[in-house]
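Today I am looking up side-chain contacts, starting with charges and ending with rings.

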Amino acid sequence: MPLNGPLLRLAPHHLETRSRGRLVRWWQQLWLQAGGREAWLSTDNLTGLPDRAGCLAQAQVLQLRARQLGLRWPMAVLLAELAGAREVLDLHGPQAAQEAVLRGSLALRGRLRRGDLLGRWAATAFVVVLPPTDPCHLPAIGRRLQQQARLRCHGVPLGFRLGAASCANDQPLAEAAQRAEAALLRALGPSGEGVRVWTPGQE
């Protein structure tokens, strides 16, 4: 079974084309064939998710297949930082903070769409790599994820602030992740959450 858990049904906002359906089926088959490959099992010890290197390695294979299929939409990288984890740490200590991160990972994992990749990016941040997706849908995808992945840990409300960036199928995913991180730095709403999508010209 994929490290991201069962592949869930498509959310209402998720547009699936015939070519994209072939991509998803190929991706499922690839998971079954690659169970013992070391690069695919590079995981985070706390959450069991792929770590940064493992997630990018998996995403690069998916990107290669998207190029082979000639899909029109670019892939996308979404960084999700857990808002409230610092407060849990200050009030209840490091063990409670680790629990908050674990709960955050489970909340995101339970909201995955078919073909999405989830990994741990940093101490309190996660990465979601989306298969070819209309860039116009990224703000709605981010807002929906925020609404569905709210939780509490030791009485402290937790949520996510998000930064997203599209990645053409011939561009490095690591660069898209940097752009998503730049967008994330601007996702500061009054509640400590927000959704920002990187646009050309943004530093």
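Before I start: I call a residue buried when its relative accessible area is under 20%, and exposed when that area is over 50%, with partly exposed in between. The model I am reading is a predicted one.

**Entry 1: salt bridges.** I took a side-chain nitrogen of Lys or Arg within 4 Å of a carboxyl oxygen of Asp or Glu as my rule. By that rule I count four salt bridges.

**Entry 2: aspartate 44 and arginine 120.** The partners come from distant parts of the chain, 76 residues apart: aspartate 44 is in the loop between α1 (18–33) and α2 (52–69), while arginine 120 is in strand β2 (residues 117–122). Is aspartate 44 buried or exposed? Its relative accessibility is 14%, so I noted aspartate 44 as buried. Arginine 120 has 16%, so that residue is buried as well.

**Entry 3: arginine 161 and glutamate 81.** I logged arginine 161 as buried because its relative accessibility is 12%. Glutamate 81 has 23%, so I put it down as partly exposed.

**Entry 4: arginine 113 and aspartate 116.** I looked up both accessibilities: arginine 113 is buried at 4%, and aspartate 116 is buried at 6%.

**Entry 5: aromatic rings.** How many aromatic pairs does a search of the whole structure find? I got one. The ring centres of phenylalanine 126 and phenylalanine 160 lie 6.3 Å apart and the planes meet at 70°, so I call the pair edge-to-face; the cut-off for that label is over 60 degrees. This pair too links distant parts of the chain: phenylalanine 126 is in strand β3 (residues 125–130) and phenylalanine 160 in strand β5, 34 residues apart. Phenylalanine 126 is buried with a relative accessible area of 0%, and phenylalanine 160 is buried at 1%.

**Entry 6: charges over rings.** I found the charged end of arginine 52 over the ring of tryptophan 121, 4.0 Å from the ring centre. I also noted arginine 72 over the face of tryptophan 73, at 4.0 Å from the centre of that ring.

Technical notes:
Residues are numbered from 1 along each chain as its sequence is written. This is a predicted model: local features need pLDDT of at least 70, side-chain atom pairs count only at pLDDT 80 or more; totals for chains, interfaces and linings use all residues. Side-chain values use heavy atoms; hydrogens and water are left out. Helices (H or I, at least four residues) and strands (E, at least two) are DSSP runs, numbered from the N terminus. Buried means under 20% relative accessible area, exposed over 50%, partly exposed in between (1.4 Å probe, protein chains only). Rings of Phe, Tyr and Trp (its six-membered ring) pair if their centres lie within 6.5 Å; planes under 30 degrees apart count as stacked, over 60 as edge-to-face and the rest as tilted. A charge sits over a ring if NZ of Lys or CZ of Arg is within 6 Å of the ring centre and within 35 degrees of the ring normal.
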